[in-house]
Amino acid sequence: MPKAGELVAAQLRRQIITGELSEGDPLMPETELMERFGVSRPTLREGFRILESEQMIQVRRGARGGARVLLPDVGTAARYAGTLLQYRRTTLADVHEARVLLESSVLAVVARKRTAAQLRALEEKYAEGEALLDDAPGFGQYEIEFHRLLVQSAGNQTMSVLLSIVSAIIARHIEKFAREHRGDAAAESTTVAAHRAHGKLIRLIRERDVDNAVTFWRRYLSRVKEFMIENPDESVLDVLS
């Protein structure tokens, strides 16, 4: 049987998820919530602690304190997933391989069903990257956004969330790789190669060339993985700790 604090957390969580409570909204004063749920103050605060750990509310102590709603985001899920992957001593190569498999499967849907608006959004994002070829940090952020937009174009929320979690870990790896290879001409030249690959992919999507788009993107992501994985034993722990 769930504890009373867990039941309180479940009811408040449902209000947040369904939109009954919006981001930034204050929760009722503790006395009102205690009366509403028929629980004691310690039980109510146990429910608060559960939601705080999930980063769904923020509680401020003191006379002017109280609980306010936070919206769940992919960053929260990525932190939990990262902790689990660290515990399992998962390698970065494993995470990159997951991106190859997931993103390639998503791309088949994008190339087959893309709309004119989705294609235009990808082309506009590609144009933003053109201006960032000499800005390694800026281009790194652009690339993350390009991959996110690509996945979102498939219209599958579950795949989008899963890939966002994987991408959050890979983004940390990219940051670490960039720091360690600052000034390395070979590493910095990859921005041009990446941008060129994005351009070719957009062309294949525009032509609805599903098979070639999937094959090309799988090979490209595999090359990225091989380039960035210098030590096959390097783990998620090395970039998230």
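A: The axes of H5 and H11 cross at roughly 160 degrees and come within 9 Å. That makes H5 roughly antiparallel to H11. The structure is a predicted model, in which local features need pLDDT of at least 70, side-chain atom pairs count only at pLDDT 80 or more, and totals for chains, interfaces and linings use all residues. Residues are numbered from 1 along each chain as its sequence is written, and side-chain values use heavy atoms, with hydrogens and water left out.

Q: How are such axes, angles and orientation words defined?
A: Axes are lines fitted to C-alpha atoms, for helices over the stretch in contact, and angles run from 0 to 180 degrees between N-to-C directions. Angles under 35 degrees count as roughly parallel, over 145 as roughly antiparallel, 65 to 115 as roughly perpendicular, and the rest as oblique. The helices (H or I, at least four residues) and strands (E, at least two) are DSSP runs, numbered from the N terminus.

Q: What is the handedness of the crossing of H5 and H11?
A: A crossing is left-handed if the near helix is turned anticlockwise from the far one by less than a right angle, and right-handed if clockwise. The crossing of H5 and H11 is right-handed.

Q: Which residues of H5 and H11 meet?
A: Contact means heavy atoms within 4.5 Å. Among the H5 residues that meet H11 are Val 100, Glu 103, Leu 107 and Arg 112, and the H11 side includes Val 214, Trp 217, Leu 221 and Met 228. By class, this contact of H5 with H11 has 12 nonpolar, three polar and six charged residues; Ala, Val, Leu, Ile, Met, Phe, Trp, Tyr, Cys and Pro count as nonpolar, Asp, Glu, Lys and Arg as charged, and the others, Gly among them, as polar.

Q: At what angle do H6 and H10 pack?
A: The angle between H6 and H10 is about 165 degrees, with their axes 10 Å apart. That makes H6 roughly antiparallel to H10, and the crossing of H6 and H10 is left-handed. The contact includes Leu 122 and Tyr 126 of H6 and His 198 and Ile 205 of H10. The residues of the contact of H6 with H10 divide into five nonpolar, four polar and three charged.

Q: How are H1 and H3 placed relative to each other?
A: Helix H1 (residues 4-17) packs on helix H3 (residues 41-53) at an angle of about 55 degrees, with the axes 7 Å apart. H1 and H3 are therefore oblique to each other, and their crossing is right-handed. Val 8 and Leu 12 of H1 are among the contact residues, as are Phe 48 and Leu 51 of H3.

Q: Which residues touch the most other members of the largest nonpolar core?
A: In soluble globular proteins, nonpolar side chains tend to be buried together. A nonpolar core is a set of buried Ala, Val, Leu, Ile, Met, Phe, Trp, Tyr and Cys residues joined through side-chain atoms within 4.5 Å; buried means under 20% relative accessible area, exposed over 50%, and partly exposed in between (1.4 Å probe, protein chains only). Of the 31 residues in the largest nonpolar core, Leu 107, Phe 146, Leu 150, Leu 201, Ile 205, Trp 217 and Tyr 220 touch the most other members. The elements that give two or more residues to this core include H5 (92-113), H7 (136-152) and H11 (210-228), and H11 supplies its largest share, nine residues. Leaving aside neighbours within four places in sequence, the contacts of Leu 150 include Leu 107, Leu 201, Ile 205 and Trp 217. A second, separate core of 18 residues includes Val 8, Ile 16, Met 34 and Leu 51.

Q: Where are Gln 55 and Arg 89 found?
A: Most residues other than glycine have a negative phi, and most peptide bonds are trans. Gln 55, in the loop between H3 and strand S1 (57-60), has a positive phi of about 60 degrees although it is not a glycine. Arg 89, in the loop between H4 and H5, has a positive phi of about 55 degrees and is likewise not a glycine. Gln 55 is partly exposed, with a relative accessible area of 34%, whereas Arg 89 counts as exposed at 57% relative accessibility.

Q: How many helices and strands does the protein have?
A: Its secondary structure comes to 12 helices and two strands. Of the 241 residues of the protein, 39% count as buried.
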